[in-house]
Amino acid sequence: MIDSIDTNAAAPAGDADFSSAAPLEAESSADSISATPTSSGLLGEDGSFVPEWYSRFEELKGTEKSLAKFKTPEALARSYTELERLRRYPGVDNEEQMARFRQMAGLPDSEEDYRLERPETMPEEEWNPELAERMARAAYRYGVPPEAMNALQDTMAQAYQEAREKVQEQQMEQETQAEQSLQNEWGGSYERNMGRATAALQRLASETGVDADALLDNPALGSNPDVIRLLYQVSRLLDEAPLHQEGAAAPSPAEEAMRMESDPSHPLYEAYMSVNHPNHKYANELYDRLTSR
């Protein structure tokens, strides 16, 4: 039956010529070859990248210096594999991986080259070079880039400055509240009583070698109305019994008054001698009381 088939009847009508048509397998093979990197000009005959192969890709601009190091696709693949491995922080216990991590993060070659800069918001007198060096060593060990560490330092300096300003505002508020409280209590005698309290503190400090100005600047003392009231009461007692050095006889009122006007070491000498001194009124009144006895 097969032998009886007319082959002419199975042919397409007309005189179409299919001699130029390529087989389907050949077409697929040709397409495959045209898509290979070699035909696109990325690889040379030895399988290595051609010079500046990366310049053919618009999206790779800016990375030329890094990509120029890779001469073969294998080298590029190994680098990518290593990068994937380093996506997770290796930890300081694995020094070999940490060394590669530091290199990938752009850290200096050694911890001696790692430097931290003083933040612009930090006053020079508050900058601690020794502490900065210790922080730099720790940052290098844990793989923190200098840019990140300097940014962290700047953030901390700003936070410290904000906290300091807040403390100063609170101190001013305390001083205002204390002043208002004592003004309401003492009325027209406020200035006089404040002078007596300050003078009492200065006299006590001179006898004990304590810095009176430091005590006055301490918010727990200088801005505390209860402490100021206490010092005022002390001043009244001191008027009756002037201070004297241990082992020495108590000076008479006249002697105390003479010391006020002649002895620069006397706590009230400056206040008595200077009419512009805030405690001048009190010192003058005390001098008058001492000389009238």
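Guide: A quick word on terms: contact here means heavy atoms within 4.5 Å. This is a predicted model, where local features need pLDDT of at least 70, side-chain atom pairs count only at pLDDT 80 or more, and totals for chains, interfaces and linings use all residues. Residues are numbered from 1 along each chain as its sequence is written, and side-chain values use heavy atoms, with hydrogens and water left out.

Visitor: Which residues is M260 in contact with, leaving aside its neighbours within four places in sequence?

Guide: That list is H266, L268, Y269, Y272, A283, L286, Y287 and L290.

Visitor: What makes up the largest nonpolar core?

Guide: A nonpolar core is a set of buried (under 20% relative accessible area, 1.4 Å probe, protein chains only) Ala, Val, Leu, Ile, Met, Phe, Trp, Tyr and Cys residues joined through side-chain atoms within 4.5 Å. The largest one has 11 residues: A199, A257, M260, L268, A271, Y272, Y282, A283, L286, Y287 and L290.

Visitor: Why is D217 called exposed?

Guide: Exposed means over 50% relative accessible area, with partly exposed between that and buried. D217 has 56%, so D217 counts as exposed. D217 lies in helix α10 (residues 212–217), and its C-alpha atom is 10.0 Å from that of Q171, 46 residues away along the chain.

Visitor: How many helices and strands are there in the protein?

Guide: There are 15 helices and zero strands, counted as DSSP runs (helices H or I, at least four residues; strands E, at least two) numbered from the N terminus. Of the 293 residues, 24% count as buried.
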